[in-house]
Amino acid sequence: MEFLMKICLLFLCGLISHFVNMIFQKRNQQCYMLGYECFKAADDRKLDTDACVKVVLRNKNLGLDQYRFLLKTIVSSGLGEETYGPRNVIDGREEFPSENDAHAEMDEIMFSTLDTLFEKTGVSPSEIDILVVDVSLFSPAPSLTSRIINRYKMRDNIKSFSLSGMGCSASMVAIDMVQQLFKTYKNQFAIVVSTESIARHWYCGKEKSMMLSNCLFRNGGCSILLTNKRNLRDRCLLKLKCTVRTNIGYDDEAYGCCIQVEDPQGYQAADKAFTGNLKLLLPKILPVWELLRYAISTLRKKSTKGQNLSFNLNLKSGVDHFCLHPGGRAVIDGLGKSLGLSEYDLEPTRMALYRFGNTSAGGLWYVLSYMEAKKRLKKGDKVFMVSLGAGFMCNNCVWEVMKDGLEDTRVWEDCIDEYPRKNLVNPFTEKYSWINDECLNFVRLDD
């Protein structure tokens, strides 16, 4: 009997030790955000109505049909007058871009945001242990990570990764990669740089599906500083609660579409990836009582004929703010409807799209910055980030706000008081609606 008691006691001690180790291991694997900085180009890079018309008129491949398509697309895109284009496009060199144009574009975005990030956080480039850069359409050799390492003379044992081809959801892939690395490496600083190369990919043909990218995508990007050092948690802005990545590339139709192409195939892929992702994510972020309520209501619906007793999941029982991919007005409308969000919930995403356009992987951080500038974020709040991208992928995560008083206006500093804009109508409507006159058999637009 005494021997049996000793065995049970040893087993109990081992079990307690195991759980204690799990708790401490989980505490040491946290992912905190120390800071982030979005890119904002100079005012002479703004693509307002007049600048856009000049770019369009330079393309001699276009005719009346294409002009009408562009007018319809730009008007319905949700973009405003103050988005930023690549330098070579502004200067009229979009048809024959060079390697130098692409490098200059990336250097400006990466180095300006990193300079500000290092200065604000007080973290030295020599302290960085992990570096992840995600740019889908530009993968030079030496890599962009090597370019950063060389610029800031970082350590020779830094762990660097370059991600390409993942589209607008690449930033969430990079964040998840850092989180996974934090589980293996302790007391680390990590940098994530998320942007996109537009300079070499401005379309100068007349295929409508390919012209869409010119109407939606604009220059932008963001650098984020992350750490798993618990002694710095009081300085952190956000803590990563969970991430879920979904890739339905096994589906041929999904693999062949991209979120920037607005066709039924694309929307079906987005819906399939998004639904699959939520099935895994929601049990991690919603309270048990909400999941139980939904399960009971679903069972009651199945057992009741002729009566609609179903209830939608109340996402706001576990989420306070929704940071959606600003991919276009149609994307925002679709996500808002699917999640049952109000216009107040969608405001940050709509305003980020209107002010900065679709900046691809960097877009989510402009939305987050708007929330911070508007002083919406309070300690303990949960922020749900939703990203969609080519592949087809849906990569989402949830952050927890770590402290009150987050009010840095960042890229919104000179205009936040002007938002939200009540009128999001694009000036193209007023200036060029006459182009839809069916009596026209040709069109000529003067500057």
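Biologist: Which residue takes a positive phi in the hairpin of β8 and β9?
Modeller: Gly391, with a phi near 140°. That hairpin has 3 residues between the strands. Strands here are DSSP runs (E, at least two residues), numbered from the N terminus. Bear in mind that the model is predicted: local features need pLDDT of at least 70, side-chain atom pairs count only at pLDDT 80 or more, and totals for chains, interfaces and linings use all residues. Residues are numbered from 1 along each chain as its sequence is written, and side-chain values use heavy atoms, leaving out hydrogens and water.

Biologist: OK, and how many bridges join β8 to β9?
Modeller: 8, and the two run antiparallel. Two strands pair if DSSP finds at least two bridges between them. Ser387 stands opposite Asn395 in β9.

Biologist: What about β6 and β9, how many bridges there?
Modeller: 9, with β6 (residues 238–247) and β9 also running antiparallel. Val244 has Asn396 in β9 as its bridge partner.

Biologist: Is β9 mostly covered or mostly open?
Modeller: Mostly covered: 9 of its 9 residues are buried, meaning under 20% relative accessible area with a 1.4 Å probe, protein chains only. Met393, Asn395, Cys397, Trp399 and Val401 point one way, while Cys394, Asn396, Val398 and Glu400 point the other way.

Biologist: Switching to the whole sheet, what's the strand order?
Modeller: β3-β2-β4-β5-β1-β6-β9-β8-β7, an open sheet of 9 strands with mixed pairing. The edge strands are β3 (159–163) and β7 (321–324), each pairing on one side only.

Methods
Buried means under 20% relative accessible area, exposed over 50%, partly exposed in between (1.4 Å probe, protein chains only). Helices (H or I, at least four residues) and strands (E, at least two) are DSSP runs, numbered from the N terminus.
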